[in-house]
Each structure stands twice: as C-alpha cells, then as structure tokens.
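Dear colleague,

Please read the notes with the model open.

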Amino acid sequence: QVQVVESGGGLVQAGGSLRLSCAASGSISSIVTMGWYRQDPGKQRELVASITSGGSTNYADSVKGRFTISRDNGKNTVYMQMNSLKPEDTAVYYCNSDVKLKTMIGTFRYWGQGTQVTVSS
C-alpha cells in the first residue's frame, strides 16, 4: 500500500555535507509524521529528526545545529540536510513515514530500505 524510498547516502569526509531524500507513495490519505532514524550494528535504532506535515520538527541533541529536516508535502517527500558531519554520524539511515491510509482506520508506520552514510576521519 505504501512505499518509502530513500536516497542520498554516501561517503564523505568529516566536516562535509550530505542531503538525504525520502519519498512516500501509495494509498496515503495524509502524512502524520516523517522522520529519519539511524542504526549501527548492535545498537538500537534512534531518532535523528522528524517533521510533521504542519512543519513541527524534532531533533536528537547530537545533531542539533548540524542537521536540518524539511518537507515537500505535495510530493510526500522529506529531506535532511546534514552539515558538519562527524565520524560518529556513520550509520544506516532509515526513513520513517507515519501515515493515514485511504483504506483503513489508524496510523501506520512504514520504513524505507535504508541508506548508508559513512563519514571518514
């Protein structure tokens, strides 16, 4: 019913920048929240940043001032600009989309396949 596709990951040197993109598509009535999570092997997946369709944002303390999340509601797309990247930002980044569907009552969570971000020293 819903597909979530990320892009924009890659290899960058410390201090560099990347922009991640995530597009949700399918039988979506409305998007409640879209966000980015990241995960390293052996660790819990953690919230990096999120944004509601109304524009309210939330950031992990570790990325405040460096990452910026934004949205294009017309395209059901969310972006995350990542500046001043650090080696500790290295992880697989997953896009999440919490949506209302046209066919069922409730809020449903969908995940993208993940995109690798590697920051070298």
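What follows is a description of the fold, then of one group of paired strands, then of the surface and charges.

Please keep in mind that this is a predicted model. A compact globule of 121 residues would have a radius of gyration near 14 Å, and because the chain has 14 Å, the two agree. Along its principal axes, the C-alpha trace spans about 50 × 30 × 20 Å. Of the contacts between residues at least 6 apart in sequence, 56% join residues that are at least 24 apart.

Strand β4, which covers residues 28-39, pairs with two partners that I looked at in detail. With β9 (residues 91-101) β4 runs antiparallel, joined by 10 bridges, and in this pairing Trp 36 stands opposite Cys 95. With β5 (residues 46-52) β4 is also antiparallel, here through 6 bridges, and Thr 33 stands opposite Thr 52. The strands β4 and β5 form a hairpin with 6 residues between them, and in the turn Gly 42 has a positive phi of about 85°.

The chain carries 12 positive and 8 negative charges, whose mean positions lie 6 Å apart.

Technical notes. Residues are numbered from 1 along each chain as its sequence is written. This is a predicted model: local features need pLDDT of at least 70, side-chain atom pairs count only at pLDDT 80 or more; totals for chains, interfaces and linings use all residues. Side-chain values use heavy atoms; hydrogens and water are left out. The radius of gyration is taken over C-alpha atoms; the globule rule is 2.2 Å times the number of residues to the power 0.38. Contact means heavy atoms within 4.5 Å. Lys and Arg count as positive and Asp and Glu as negative; His and the chain ends are not counted. The place of a charge is taken as NZ of Lys, CZ of Arg, CG of Asp or CD of Glu. Two strands pair if DSSP finds at least two bridges between them. Helices (H or I, at least four residues) and strands (E, at least two) are DSSP runs, numbered from the N terminus.
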